[in-house]
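Biologist: Hello! Could you walk me through this model, one question at a time?

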Number of protein chains: 2
Amino acid sequence: MVTTPRGAHSWHPRRLRDLLRVAIADRQELDGRIPSESELMAEFGASRTAVREGLSILVNEGQIERRRGQGTSRIASYVRFDQTIPHTEPQRRIYDEIISRMAPEIIHSGWTPVPPPIVRRLSGAAAGDQCLAVEYVFRLDGIPLAVITNYLRRTEAEKLEGRALRSDYYSHLRDAGIEIENQASFYQARHADRLTAEILNIGEGDPVLAFEQEIDDASGDVINVAFGTIHSDVRITSGLLPERRSGRS
Amino acid sequence: MVTTPRGAHSWHPRRLRDLLRVAIADRQELDGRIPSESELMAEFGASRTAVREGLSILVNEGQIERRRGQGTSRIASYVRFDQTIPHTEPQRRIYDEIISRMAPEIIHSGWTPVPPPIVRRLSGAAAGDQCLAVEYVFRLDGIPLAVITNYLRRTEAEKLEGRALRSDYYSHLRDAGIEIENQASFYQARHADRLTAEILNIGEGDPVLAFEQEIDDASGDVINVAFGTIHSDVRITSGLLPERRSGRS
């Protein structure tokens with residue numbers, strides 16, 4: 001392994017880019033301000049050239065906008081959303097805080113024969129069974145951030161009859177007495193297709209975060225399969241948010 | 001809630017797109033084949049028009065390629081990688097299988113003063129402390145799939161002195177006697193910047209999955225902070241892969 005002597009350091013533009021991004025996000029979270037070029041130079045002990053090169057990569061990535069003489073004028077909003085199903089009181093508090101700003105807008109809800117790939121994923125489902133398909137747009141402070149389709153197993157879906165989706169899907173299930181325990185999600189970056197771009201109010205071809213999710217009950221049965229497409233302003237995690245982990249020093 | 005009668009179902013192109021994608025991926029995983037338009041029509045009981053419209057969305061998203069008269073000729077490889085730190089034997093077996101196909105190529109390795117945003121994340125780190133920066137390209141079967149930079153706390157980094165990164169980073173830490181217990185990752189879709197696009201052999205502006213990760217030891221201390229950019233052919237999860245969950249029926 002190549003090691004450089006302690007004390008020496010240089011700022012490679014790609015590595016500095018990563019650090020500038022989180023430094024800007026940290027500062028925004030702290031007091032809503034975006035640090036100036038000079039502040040970033042001082043914070044990192046880096047040259048103006050290095051900072052500008054790092055910031056220009058962030059512009060290319062669509063993370064910030066910069067205008068000559070006006071500094072950094074916009075940064076991706078970095079909404080944080082944790083897909084972990086909340087169980088403890090501190091987890092619920094953090095989850096509820098974000099959920100309180102959220103409103104779902106139903107696009108489609110209806111019984112459907114379980115589609116073939118969903119038959120392979122829902123526990124105990126057979127071809128010809130019915131499941132409930134629920135597709136909605138997730139709005140945060142009114143801004144469309146994700147479009148999600150859920151396929152819920154019949155046994156559980158029957159408990160939902162007559163109930164409207166008013167806040168988040170996890171609470172929707174739990175309020176109907178449906179037990180949910182764990183979830184696992186796959187994430188992948190994709191181009192936004194035209195229909196999704198229209199819903200999320202972004203450009204066709206813009207990067208979006210797509211996920212596939214399975215939700216289990218306590219016995220490990222998969223009771224719900226979901227597909228979602230998320231706006232690139234959102235940072236999502238399916239692990240525990242650092243703030244809510246126990247034992248953090 | 002609007003519900004359609006049982007038995008009735010229609011294929012909205014956006015929802016059918018999600019299902020076609022996983023149906024194609026399932027079939028690829030099963031026998032390496034890509035199902036034809038007619039096979040998909042039969043599987044879903046859908047019209048040729050509906051299947052074609054769903055497939056055309058997958059083309060727009062960069063998930064598949066189609067040529068007239070030749071059917072679907074390519075699909076995103078859907079490499080599955082689980083960022084969960086393996087603990088049990090079944091977890092290790094699945095992890096080791098993917099790791100056996102992987103080779104890291106070091107871009108940079110060296111001591112550096114802990115960068116300011118990393119000071120705020122590494123447990124017990126103070127401004128002026130040193131940490132070990134390790135940047136590498138993750139290749140699977142020779143194909144570059146991710147570029148990742150790690151910042152490792154000094155106490156742990158000193159145990160790595162003289163050791164080369166030969167396979168995966170988790171094993172690299174554990175082989176040096178460094179205890180790792182949990183990780184949490186944020187995911188976000190972004191445009192690939194030019195430098196990253198060159199490393200990953202993709203187009204500038206193509207969608208990439210970016211992550212930020214914190215790795216803890218058993219006491220909950222954050223000992224490592226990482227930033228990574230992942231090729232859009234990869235599906236990544238930080239939860240447990242369905243296959244390895246216990247209790248799955």
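Biologist: How are α1(A) and α3(A) oriented to each other: roughly parallel or roughly perpendicular?

Modeller: First, a note: this is a predicted model, where local features need pLDDT of at least 70 and side-chain atom pairs count only at pLDDT 80 or more, while totals for chains, interfaces and linings use all residues. Residues are numbered from 1 along each chain as its sequence is written, chains are lettered from A and ligands numbered from 1 in the order in which they are written, and side-chain values use heavy atoms, with hydrogens and water left out. The two helices pack at an angle of about 75° with their axes 8 Å apart; axes are lines fitted to C-alpha atoms, for helices over the stretch in contact, and angles run from 0 to 180 degrees between N-to-C directions. Angles of 65 to 115 degrees count as roughly perpendicular, so α1(A) and α3(A) are roughly perpendicular.

Biologist: Is A:Cys131 buried or exposed?

Modeller: Buried means under 20% relative accessible area, exposed over 50%, and partly exposed in between, using a 1.4 Å probe and protein chains only. The relative accessible area of A:Cys131 is 0%, so A:Cys131 is buried.

Biologist: And A:Gly128, buried or exposed?

Modeller: A:Gly128 sits in the loop between α5 and β5 of chain A; helices (H or I, at least four residues) and strands (E, at least two) are DSSP runs, numbered from the N terminus. Its relative accessible area is 60%, so A:Gly128 is exposed.

Biologist: How many disulfides are there over all chains?

Modeller: Here a disulfide is a pair of cysteine sulfur atoms within 2.5 Å. By this rule, the count over all chains is zero.

Key: Angles under 35 degrees count as roughly parallel, over 145 as roughly antiparallel, 65 to 115 as roughly perpendicular and the rest as oblique.
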